[in-house]
Structures are given as structure tokens and as C-alpha cells.
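Please look over the sequence and the structure shown below. The report after them goes through selected local features, one topic at a time.

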Amino acid sequence: MNQRDTLKINAAGHLEIGGADATELAEKFGTPLYVMDEKYIRDMCSAYRRAIEEDYAGNGLVLYASKAFACMAIYKIVAAEGIGVDVVSGGELYTALKAGFPAEKIYMHGNNKLPSELEMAVDSRVGCIVVDSLAEIDKLDSLCERRGVIQRILIRVNPGVEAHTHHFIQTAKTDSKFGFSLADGTAEAVTVHALSKKHLRLDGYHCHIGSQIFEKESFGLAADKMLAFMSEMKTAHGFEARTLNLGGGYGIWYSDGDARYSVSDYTGYLKTVIAEVKCKAREYGIREPFLLVEPGRSIVGEAGVTLYTVGTIKEIPGVKKYVAVDGGMFDNPRYALYQAKYTALLANRAAEKPCEVVTVAGKCCESGDIVCANVSLPKAETGDILAVLSTGAYNYSMASNYNRNPVPPVVLVRDGKAEYIVKPQSYEDIIRNDVIPAYLQK
């Protein structure tokens, strides 16, 4: 466990999150329960922001990647910490706006934005739209012409940098649904096309090489390729990009084998990228671009812990021991999607040493409903509170009502106090939009 002031084992031998005893949280709010550590989130936001201010003279903006975890409270927090956000859907955009997030600091992404989403983005005056197809550029230009506005855009570019991560979350390969390739000249052709549009202002480029990446060299190589391309566009077409968005993808600790980084270690990622951008801008004879980064997972990932109650325990002699909990793939589908690894512990017996290896199973009617496999625990008993660490990113945001299970609530903890930021779902919430046709009511 990555122990810190806000995540530790207390004197009672219980897991403590943000100053709150996890067993007391489970008793008060029930399980399954997502718990988010507010101080950790704020510390990460401010550390990234300071790196831009101190190492790059403030010529940039940190963008919180909404897809990691989105609700109105998180937008309030990141706004207070002075950073921007990126959104990838109408729902994320709507949530940010309802939370009062400043539209000029919102960047809209997506490889297949719906017409209604583009309209919402333009009408709400978002700061920038990242375009990802020729058709989108044409549609957006026509939309802006009808509204009599000029919209800032970035072009999503595929730099062809292969990051060492799961193939489902590599987004800069040659074969990817995202972006325009540098290698085959498509990115240049799209640049020329975008520059011809009267109601779009091309500010620069965006790239994202993947997620859960630990090699700093990958980000440096991406920065080098992007700045070289920007230099080529200046020479060939007289277009000097003002903005470069280098995406995110900084890895976090989930289990043994992952690097254990402190807050300052994460700013080291950004400092390395900034140094490379400065160096290559000088080398290629272009101005230093306004720099955007999107470290969403690393801001909230380790801030989150999911609490469960242990139910059925089943041992298959010589094969495996299953410890079942009251959650599952409906609150965390990441194992089912790409065999994600996690660290688990018994929150009510956190000081005890592990003595067996088990698989934590969910309650869904699927044999693949596994929360985490091959984890070391003390001998679990029915009624124990199981904590799964580093669940702040892509857990609540990917949750579902599979098997008509309610999505768990989310509480925010700080200085020992906890409050809902997402209320519990009831069964009534689940059936709220169900409709029985009149002919079935006879």
C-alpha cells in the first residue's frame, strides 16, 4: 500500500482514508462505497499547476480529464485549484457547466461528436474543440457560420509513438480510431483543410499516446515528433501553431510491479516534458507553444478506495479460493475489460499480515465477474470490510446497472469528515425510465 498522511493504518488497525476510519464509513454509508480523498486530489492539481507556473512561466494549462471521474463536486474542486478540464461527451460538458465551471477553460474532445454535442459546445462558448475527422471540420465550420462565431480548434494527431501499456489503451498506434497520422501525410493535409475554413481558428495540435504509462521517454519522444511536425507546418504553409496539447497517460500504482510515486514524482513527469518542449522549440526554430496536459487518472486514481462487505467464501480444493463481495463488475468493470490488477486489504483488519492468496469475486451472474485476482489477504470472514485501492479513476465513471444493481454512491473525505458527492441509487431510480406500453397493461 502507498501509505501517506491521508491513507494509512490507524492505531485501531483499521484502514484510514482522509482521516476517516474505513470501517466507520462502511457502517454509516453502507457498501459498496466509493471513497475519494479530497486532499490528495487537491495536492495533485496544485502540484501540476505549479510545475507549469514555475518551469514554463505559466505558459500552459493543466486539464483534468473528465472521463477518469466526473461529477459536479470534482469540477468544483479542480476549478478552485485553477486548472481546466477536457470533456468527451455532451454529458460531461453538461455536468461541468451545471457545476459552474468556466466554459473558456473547457476543451471538447471525441472521435465521433454528435451534432447536438457540437452545438452545445459552440453555444456554451467552450474554449476549444479538438477535431478528429474531415467531416467534423466541415460540420463545425458550417455550424459556426450559421451562428456567426469563430471557434478555436486543435487537430488531433497520431504521432505513432508506441507506449508500453495494454493494447486497449494505446491510442497513438498507426491503427487507431483516434487522430490523423503524421507518417502518411494525413495530418498535414488536414492542417491545410482546417486553415481554409473561415469560421474556425486553428490554434495547434493535440496528441495522446495512451494510458497507464511509466516511461518518461515515451512522452519526450511524442513531444519531439509533435514539435518537428509544427516546424514543418511553419516552413511548408506559414502556419505557426500557438498551442500543443500533449495529452496525459501518466501511470499510477495499482499493485506490486507498478512504480510507487509521490506527488512530487508526478510533477517530474511534467518537468521532463516541459524541458523537452523548450529544447525542441529552440532546435526547430519555433516559438514555445502554449502547453496543455491532461493528467486525469493520476489526479484521482490513487485518491479513490472502494469498500465492500465480504459475503460468501468458497474454496475449490487445490484450485482456487473465492471471496465474494457485495459489488462486482457493475461498480468496477476494469478486470473484465483488460484484467486490471489491484491491491486489496481487509479494512477492519488492515494491520494483519496476509496468509493466503484469493480471488475476489463479484455478485453478478457472470463467471468473469472478478474484482481482483490473486490477491494476498488475511483469512477473510463473512462480514469483513474489504478495501480495494486505487479505484478513483475509471470505476465510478464506467459503472453500470448490470443485473439491475444500483451504482454505488461516492463520498468525499477530508480531515475525518465525509459527505456524499454522488447519492445512492435506489431501485426506484433504476426503473425510473421504464415504460410499460398500453397493450401490455391489459
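## Backbone features

P32 is found in the loop between α1 (22-29) and β4 (33-37); here helices (H or I, at least four residues) and strands (E, at least two) are DSSP runs, numbered from the N terminus. The model is a predicted one, in which local features need pLDDT of at least 70 and side-chain atom pairs count only at pLDDT 80 or more, while totals for chains, interfaces and linings use all residues. Residues are numbered from 1 along each chain as its sequence is written, and side-chain values use heavy atoms, with hydrogens and water left out. The peptide bond that joins T31 and P32 is cis, with omega at about -5°.

Most residues other than glycine have a negative phi, and most peptide bonds are trans. R125 has a positive phi, near 65°, and lies in the loop between α5 (115-123) and β8 (128-131). R404 also has a positive phi, near 60°; its place is the loop between β19 (385-389) and β20 (410-414). With a relative accessible area of 43%, R404 is partly exposed (buried means under 20% relative accessible area, exposed over 50%, partly exposed in between, with a 1.4 Å probe and protein chains only).

G13 is in the loop between β1 (7-9) and β2 (15-17). G13 has a relative accessible area of 11% and is buried. Between the C-alpha atoms of G13 and Y338 there are 33 Å, and the two residues are 325 residues apart along the chain.

## Aromatic pairs

The structure holds 14 aromatic pairs. Rings of Phe, Tyr and Trp (its six-membered ring) pair if their centres lie within 6.5 Å; planes under 30 degrees apart count as stacked, over 60 as edge-to-face and the rest as tilted. One of the pairs is Y250 with Y269, which is stacked, at 4.7 Å centre to centre and 10° between the planes. This pair links distant parts of the chain, 19 residues apart: Y250 is in the loop between β12 (243-245) and α9 (263-284), and Y269 is in helix α9. Y250 and Y269 are both buried.

Y269 also forms a stacked pair with Y266, at 6.2 Å centre to centre and 20° between the planes. Y266 and Y269 are separated by about one helical turn, because they are three residues apart in helix α9. The relative accessibility of Y266 is 0%, so Y266 counts as buried, and the relative accessible area of buried Y269 is 1%. A cluster linked by ring pairs is made up of Y48, F219, Y250, Y261, Y266 and Y269.

## A charge over a ring

The ring of Y40 has the charged end of R4 over it, 4.1 Å from the ring centre. A charge sits over a ring if NZ of Lys or CZ of Arg is within 6 Å of the ring centre and within 35 degrees of the ring normal.

## Salt bridges

Side chains of opposite charge can pair when their charged atoms come close. A search of the whole structure finds 24 salt bridges, each a side-chain nitrogen of Lys or Arg within 4 Å of a carboxyl oxygen of Asp or Glu. In the salt bridge of R42 with E81, the closest N and O atoms are 2.8 Å apart. R42 and E81 are both buried. A network of salt bridges links E38, R42, R49, E53, E81 and R414.

R152 and D203 form another salt bridge, with the closest N and O atoms 2.6 Å apart. R152 lies in strand β9 (residues 151-158) and D203 in strand β11 (residues 200-206), so this pair ties together parts that are 51 residues apart in sequence. R152 is partly exposed, at a relative accessible area of 22%, whereas D203, at 2% relative accessibility, counts as buried.

## Helix packing

Two packed helices are described by the angle between their axes and the distance between the axes. The axes of α2 and α3 come within 9 Å and cross at roughly 40° (axes are lines fitted to C-alpha atoms, for helices over the stretch in contact, and angles run from 0 to 180 degrees between N-to-C directions). That makes α2 oblique to α3; angles under 35 degrees count as roughly parallel, over 145 as roughly antiparallel, 65 to 115 as roughly perpendicular and the rest as oblique. The crossing of α2 and α3 is right-handed (a crossing is left-handed if the near helix is turned anticlockwise from the far one by less than a right angle, and right-handed if clockwise).
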